[in-house]
Every structure is written in C-alpha cells, then in structure tokens.
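Please open the structure in a viewer and keep the selection panel at hand.

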Amino acid sequence: QRFFGTLNEKYLIKLENRFFQLQKEDAKTRYIWLVENHPEFILNMPLKLIASYLGITPRHLSRIRADIN
C-alpha cells in the first residue's frame, strides 16, 4: 500500500508540473523543452498529436518549428 501511495504521489507531482508548465510558459518554450527532453516524441508522433500535447493548434506548431529552424 505504501508503494502505490508513493507511486501515486509521484504521478500527481508530474501532472501538477505539467499543468503549471502549460499555464506559465509560452508555446515556443514548451516545444523547445519537449525537443530537448523527449526527442523521440518529435520523431515518432504525428505533429497533430504533438500540437495537442502542447496545447496549441497544428498551424501554430508549424510556425514555431519554422521559426526555430
């Protein structure tokens, strides 16, 4: 029971950090964070899903990617 309590606590902390990241950072910063920390997502996921994860439209994601490259 203690193990699952600790596991749930870690999951909730990650979820809370994600929530605050979506609120305080702009889309470009979130995309850069994603590229640096999870490059496999960028390579293996459709852009539509990445945009949804970042909380932006695919069109806005395209603009951010063009601006960075």
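Helix axes are lines fitted to C-alpha atoms over the stretch in contact, and the angles between them run from 0 to 180 degrees between N-to-C directions. The model on display is a predicted one.

**First stop: two helices.** Select H4 and H5, whose axes come within 9 Å and cross at roughly 95 degrees. Angles of 65 to 115 degrees count as roughly perpendicular, and H4 and H5 are therefore roughly perpendicular to each other. By class, the contact of H4 with H5 comprises six nonpolar, no polar and two charged residues. To display this contact, show Leu47, Lys48, Ile50, Ala51 and Leu54 from H4, together with Pro58, Leu61 and Arg65 from H5.

**Second stop: the core.** Next, select Ala27, Tyr31, Leu34, Ile42, Ile50, Ala51, Leu54, Ile56, Leu61 and Ile64; these 10 residues form the largest nonpolar core. Helix H2 (27-37), helix H4 (47-54) and helix H5 (58-68) each contribute at least two residues to this core. In soluble globular proteins, nonpolar side chains tend to be buried together.

Which side chains meet in a salt bridge? Select Lys28 and Asp67, where the N to O distance is 2.7 Å. The pair joins distant parts of the chain, with Lys28 in helix H2 and Asp67 in helix H5, 39 residues apart. The salt bridge count comes to one.

Finally, colour the pair by accessibility. Lys28 counts as partly exposed because its relative accessibility is 31%, whereas Asp67 is exposed, with a relative accessible area of 52%.

Definitions and conventions:
Residues are numbered from 1 along each chain as its sequence is written. This is a predicted model: local features need pLDDT of at least 70, side-chain atom pairs count only at pLDDT 80 or more; totals for chains, interfaces and linings use all residues. Side-chain values use heavy atoms; hydrogens and water are left out. A nonpolar core is a set of buried Ala, Val, Leu, Ile, Met, Phe, Trp, Tyr and Cys residues joined through side-chain atoms within 4.5 Å. Buried means under 20% relative accessible area, exposed over 50%, partly exposed in between (1.4 Å probe, protein chains only). Helices (H or I, at least four residues) and strands (E, at least two) are DSSP runs, numbered from the N terminus. Angles under 35 degrees count as roughly parallel, over 145 as roughly antiparallel, 65 to 115 as roughly perpendicular and the rest as oblique. Contact means heavy atoms within 4.5 Å. Ala, Val, Leu, Ile, Met, Phe, Trp, Tyr, Cys and Pro count as nonpolar, Asp, Glu, Lys and Arg as charged, and the others, Gly among them, as polar. A salt bridge is a side-chain nitrogen of Lys or Arg within 4 Å of a carboxyl oxygen of Asp or Glu.
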